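I set out below what I looked up, entry by entry. The sequence and the coordinates come before the notes.

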Amino acid sequence: MRRRLLTVLLAGMLLPAGLVSCGIPDRTEVLVDGRGPAAGAGSVNGSGSQPPTRSTTTDAREYINDYLAAAAGERDGAYDRVKKFIAPEARSQLKKKQPSSDIELTVVRPLQPLETTLLAEDVKQVTVRVQQVGVLRADGTLAAPVAGETQYVFKLGPAEPADQGLWITELPDVLLLSDTALGRYYSTHTIYFWNTDQSRLVPDWRYLPSTFPAERRLTEVVKWLTSGPSEWLAPGVNKVPPGTFPLNNATGSDGRWEVNLTMPAANDDRLSRLAIQLAWSLPNLTGQLDLKIQNQKRHTVDLRQERAANPVYPPLRAPERFCVYDAAIRPLAIGNEPVGSAPVAPAANRNVVSAGLSRADDKVLAALVVTRPDRKQLLMVGAGPAPVTEFHSSAKPFRSIGRPIWLRSLDADHPFGLVVADGKLYRFDGGAGMSEILVPGPVTAVAASLDGHRIALIINGALYVVPVSVDGGLVSVGQPRQLVTRLTNITAVDWYAENQLVFAGSDGRQPAIYQTTVDGAVEYALKRDTGAPVSHLAAFPGGSVGPLPALSFMYQATLAYRNNPFEKIEREQVRDVAANAKASDPTAPFFLY
């Protein structure tokens, strides 16, 4: 069931067409231990599955599992669907909220098979032990959990007449939705907001009932954009101008679409930016879109042309794999993938522990962690055409520095990155100047999304996502949001796709690698036993470019490995090794793209 659930969400994920143009598929499948089943996507045309209705089953577990899915779908009918499972005399236990826009669903992850106890003749108790995943709001966002319950208890008795199955006679006063039902009865949808300096679009992940027809999806997206971003993402993006809201439902068919709004000071620049947001937030729509302000046509665009002229991401070059071998950066040769050469000059390519490299126009941005003779570590930063020759050193050494990462800025002349050193998060610039960014707790690792405005952090062994804004060279982060996961003692993380994370930690008694959505709603085990704790993990978040498989990552668990399929990275796959190099195993693998 978990495999089916995650493939549904991934297949329903709407990636920007800009990524498709450079070879990244707009629909992906889960790759589990090198294999992954194809699965149907969430509906995009209004033909999705309806949530279950009350049946006459006498299986208490089946009955409660159906109950945990009944609230899915249209909010207006959520209480009516749920109350059909409840005995008439017990329905007052579930107090209805008004209006429907205030209805929130508590999303939970059942941790084990439901427990059934026979209390008396024909009276059963079902205990559901759960993780609190979040609160699904009417605007399609999954907010952080607010409830603290670790279990919910239901009592069931026979319905009247006797052949009508069961009723729920006692229940918690909360609308519950299982994570399985979230994946089955909702499609995922990505909308976009401008970053704080309005130079780049930033993704925002939403859920929409899979039964919504196309014309209603347009209306919902307009409402979402005018209502603002998800709560956790808000500090890192711009809202549409205050006072902007739809005057009526969006309309359209046969390639002609119309959105009628009110927008204070609706000048050409604001309308143009909103049109770009709409074009990317509605990637399946083509044809002409008319933007009206108080019934007056003000701006018209061709949706396909708008996406082509304003890509979300710059075209990506095929990624190249590297590792550290004999304390130097060396290229890796995997299958028929392109093999590069070390983009760091030999004089600087020494005593390397780990590295973060990125492309910016015709430059390579290089951040190296190197070891001094006293075993302390320094951050070395350089930029320029490959091979990079000039490096700057951090002002002070550290006991331990994690893998540095670059924020993919549009300003190649003023690059910035993030790194963890001695348990603290630092911003660094092109001159290796470091300044601490305060976060609530000791940090183990940091990773950045392809857009550069969302990061993942490991704080106190837990997984968090954080919005990032860059304004005039000042990097600031918002409030970290913790993601709920089965793994504990998390050690490594990276962005696996636009709205997906791959991370490593402890799955009970063994180290494992999991995948989760950016809001933590759905997770799945990719590798259940890595043999040793994962100390280093690097992924390519853009999907498949050239021969590289989609959803590719590499990691170190004492030795270095890759996925697709899961295999050890062998010494023979390391290239450009000096004749006098010390024989060793490749470590700290990473991608350059």
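Entry 1, helix α6. Which elements cover the buried residues of α6? I found that the cover includes β8 (186-194), β9 (201-209), β10 (245-246), β11 (251-253), β12 (256-262) and α7 (268-281). I worked on a predicted model, in which local features need pLDDT of at least 70 and side-chain atom pairs count only at pLDDT 80 or more, while totals for chains, interfaces and linings use all residues. Residues are numbered from 1 along each chain as its sequence is written, and side-chain values use heavy atoms, with hydrogens and water left out.

I took helices (H or I, at least four residues) and strands (E, at least two) as DSSP runs, numbered from the N terminus. I counted a residue as buried under 20% relative accessible area, exposed over 50% and partly exposed in between (1.4 Å probe, protein chains only). In α6 the buried residues are Arg217, Leu218, Thr219, Glu220, Val221, Val222, Trp224, Leu225 and Thr226.

I then checked the length of α6 (residues 214-227): at 1.5 Å a residue its 14 residues should span 20 Å, and the end C-alpha atoms are 20 Å apart, which agrees. The expected span is 1.5 Å times one less than the number of residues. Glycine 228 follows α6 and has a positive phi, near 110 degrees.

Entry 2, the sheet. I traced an open sheet of four strands in the order β34-β35-β36-β37, with antiparallel pairing. Two strands pair if DSSP finds at least two bridges between them. β34 (536-539) and β37 (567-568) are the edge strands with a single partner each, so one side of each has no neighbour in the sheet.

I looked next at β35. Five of its five residues are buried, so β35 is largely enclosed by the rest of the structure. Phe553, Tyr555 and Ala557 point one way, and Met554 and Gln556 the other. Four bridges join β34 to β35, where histidine 536 stands opposite glutamine 556. Four bridges also join β35 (residues 553-557) to β36 (residues 559-562), with tyrosine 555 opposite tyrosine 561. One residue lies between β35 and β36 in their hairpin; threonine 558 in the turn has a positive phi of about 70 degrees.

I defined a nonpolar core as buried Ala, Val, Leu, Ile, Met, Phe, Trp, Tyr and Cys residues joined through side-chain atoms within 4.5 Å. The largest has 96 residues, and Tyr67, Phe154 and Ile168 have the most contacts inside it. Helix α3 (residues 60-70) gives the largest share, seven residues. A second, separate core of 22 residues includes Trp194, Val312, Leu316 and Tyr593.

Conventions: Contact = heavy atoms within 4.5 Å.
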